[in-house]
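Subject: Structure handover

Hello,

Here is the structure you were to receive. My notes on it follow below.

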Amino acid sequence: MSSSFNPALVPPGVSAPAVGARTQPVRPSVQAPQGPAFADVLRDTTGTNPVTFSKHAVQRLERRNLAVDPASMQRLQDGVDRAAGKGARDAVVLVDDTAFVVSVRNRTVITAVGTDQMKDHVFTNIDSAVIA
């Protein structure tokens, strides 16, 4: 390494390094991240919001005499959580004898179909099916 320096590389107002002095590279200061960890945010956004029912879905449940007990509701919730974990957008979640068409992103049941209505029913605009 030579003991000379190039004055063209020294910015104005900065003194030249002493002869034979070693310069240390300047390290930018790194601040610790602020706020919650990504894993915490992801865990909070997946599965904490309860599944809701659209007005249309509630009407279909009533008209078709389909009951949703707490155990079925939990299975539906778990099915939606699993679909969300796989990146689904719209899914059919099968819980016993009932098929729920769910907007996974909104966590909203769009409609519900019982066994009697499933015989001639075609599910369209879905990207996933979950057996819960």
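Is F100 buried or exposed? In this predicted model, F100 is buried, with a relative accessible area of 3%. F53 is partly exposed, and its relative accessible area is 25%.

These two residues also form a ring pair. The count of aromatic pairs comes to 1. The ring centres of F53 and F100 are 6.4 Å apart and the planes stand at 70°, so the pair is edge-to-face; the cut-off for that class is over 60 degrees. Because F53 lies in strand β1 and F100 in strand β3, the pair ties together parts that are 47 residues apart in sequence.

The other item is helix α2, which covers residues 55-63. Its buried residues include A57, R60 and L61. Seen down the helix axis, the buried residues of α2 fall within an arc of 100°, so they line one face of the helix.

After α2 comes N65, which has a positive phi, near 50°.

Regards

Note on methods:
Residues are numbered from 1 along each chain as its sequence is written. This is a predicted model: local features need pLDDT of at least 70, side-chain atom pairs count only at pLDDT 80 or more; totals for chains, interfaces and linings use all residues. Side-chain values use heavy atoms; hydrogens and water are left out. Buried means under 20% relative accessible area, exposed over 50%, partly exposed in between (1.4 Å probe, protein chains only). Helices (H or I, at least four residues) and strands (E, at least two) are DSSP runs, numbered from the N terminus. The arc is that of the directions from the helix axis to the C-beta atoms. Rings of Phe, Tyr and Trp (its six-membered ring) pair if their centres lie within 6.5 Å; planes under 30 degrees apart count as stacked, over 60 as edge-to-face and the rest as tilted.
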